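Please consider the structure shown below. The paragraphs that follow lead through it step by step.

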Amino acid sequence: MTDGMVWLTIFVLSVFVGVEVISKVSSTLHTPLMSGANAIHGIILLGAVLVTGQTESTPTLVVGLVAVVLAAVNLVGGFVVTDRMLQMFTRKKAAAPKEAQR
């Protein structure tokens, strides 16, 4: 079996396992799971930066730059969404009376 076939087989199996795991998650666990996924995206961003810094060819550098940008956008967007979801569970502060505001 060639290396390409091994990597393709691992990728396809990981997609099936990922879909199976994610489909079984209850809505109560969605926010903690998303926070964990954001931590994983931080590791992906670090890996993209390290790999891009080691490259010597221009096409690889361009692909690495795109990977760094997409990983950064995904990381920041995930934390923003998680923060907004957590704000739904916080109590809103009562408005102060008008006399106290003066």
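His41 is partly exposed, with a relative accessible area of 23%; buried means under 20% relative accessible area, exposed over 50%, and partly exposed in between, using a 1.4 Å probe and protein chains only. The model is predicted: local features need pLDDT of at least 70, side-chain atom pairs count only at pLDDT 80 or more, and totals for chains, interfaces and linings use all residues. Residues are numbered from 1 along each chain as its sequence is written, and side-chain values use heavy atoms, with hydrogens and water left out.

His41 belongs to helix H2, where a helix is a DSSP run of H or I with at least four residues, numbered from the N terminus. Leaving aside neighbours within four places in sequence, His41 is in contact (heavy atoms within 4.5 Å) with Asn74 and Leu75. The C-alpha atoms of His41 and Leu75 lie 5.6 Å apart, although 34 residues separate the two in sequence.

Leu75 also belongs to the largest nonpolar core, together with Leu45, Ala48, Val68 and Ala71. Such a core is a set of buried Ala, Val, Leu, Ile, Met, Phe, Trp, Tyr and Cys residues joined through side-chain atoms within 4.5 Å. Helix H2 (30-54) and helix H3 (58-87) each give two or more residues to this core, and H3 gives the most, with three. In soluble globular proteins, nonpolar side chains tend to be buried together.
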